[in-house]
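Let's take a walk through a protein model, from its surface to its inside. Have the picture open and follow along.

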Amino acid sequence: MAEFKNLKTNEILFKEGEAPDNMYIVRTGQFSIYNSKNGIENQLAVVGAGELIGELALFDKKNRSASAKAL
């Protein structure tokens, strides 16, 4: 069942290390995909409308390897 979320700028969708529960399709806007080491964010990608995020953790059945926040 589809669920829609509206996030504000810098709002976290999911965090690195969390157990996967969903994957997401970005309808509008952009998300920063990043990981953190020693409190420093390392941006891995920016994804936008029409792209999937969070699917990798569902497929490999491991905790999330990165975080996602709204831009």
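This is a predicted model: local features need pLDDT of at least 70, side-chain atom pairs count only at pLDDT 80 or more; totals for chains, interfaces and linings use all residues.

You'll find Leu58 in helix H1, which covers residues 55-60.

Now let's head inside. Which residues make up the largest nonpolar core? There are eleven: Leu13, Phe14, Tyr24, Val26, Phe31, Ile33, Val47, Ile53, Ala66, Ala68 and Ala70. Strand E1 (12-14), strand E3 (30-37) and strand E6 (67-70) are the elements that each supply two or more residues to this core. Pick out Ile33 and look around: leaving out residues up to four places away in sequence, Ile33 touches Asn42, Gln43, Leu44, Ala45, Val47, Ile53, Ala66, Ser67 and Ala68.

One more stop: Arg64, in the loop between H1 and E6. Is Arg64 buried or exposed? Arg64 counts as buried because its relative accessible area is 4%, and buried means under 20%. So what does its side chain meet there? One partner is the side chain of Asp21, joined to that of Arg64 by a polar contact of 3.4 Å. A polar atom of the Arg64 side chain also lies 2.7 Å from the backbone oxygen of Asn22. Beyond its neighbours within four places in sequence, Arg64 is in contact with a list of residues including Phe14, Glu16, Pro20, Tyr24 and Ala57.

Terms used. Residues are numbered from 1 along each chain as its sequence is written. Side-chain values use heavy atoms; hydrogens and water are left out. Helices (H or I, at least four residues) and strands (E, at least two) are DSSP runs, numbered from the N terminus. A nonpolar core is a set of buried Ala, Val, Leu, Ile, Met, Phe, Trp, Tyr and Cys residues joined through side-chain atoms within 4.5 Å. Buried means under 20% relative accessible area, exposed over 50%, partly exposed in between (1.4 Å probe, protein chains only). Contact means heavy atoms within 4.5 Å. A polar contact is a pair of N or O atoms within 3.5 Å; within protein, one must be able to donate a hydrogen and the other to accept it, and residues adjacent in sequence count only if both atoms are side-chain atoms.
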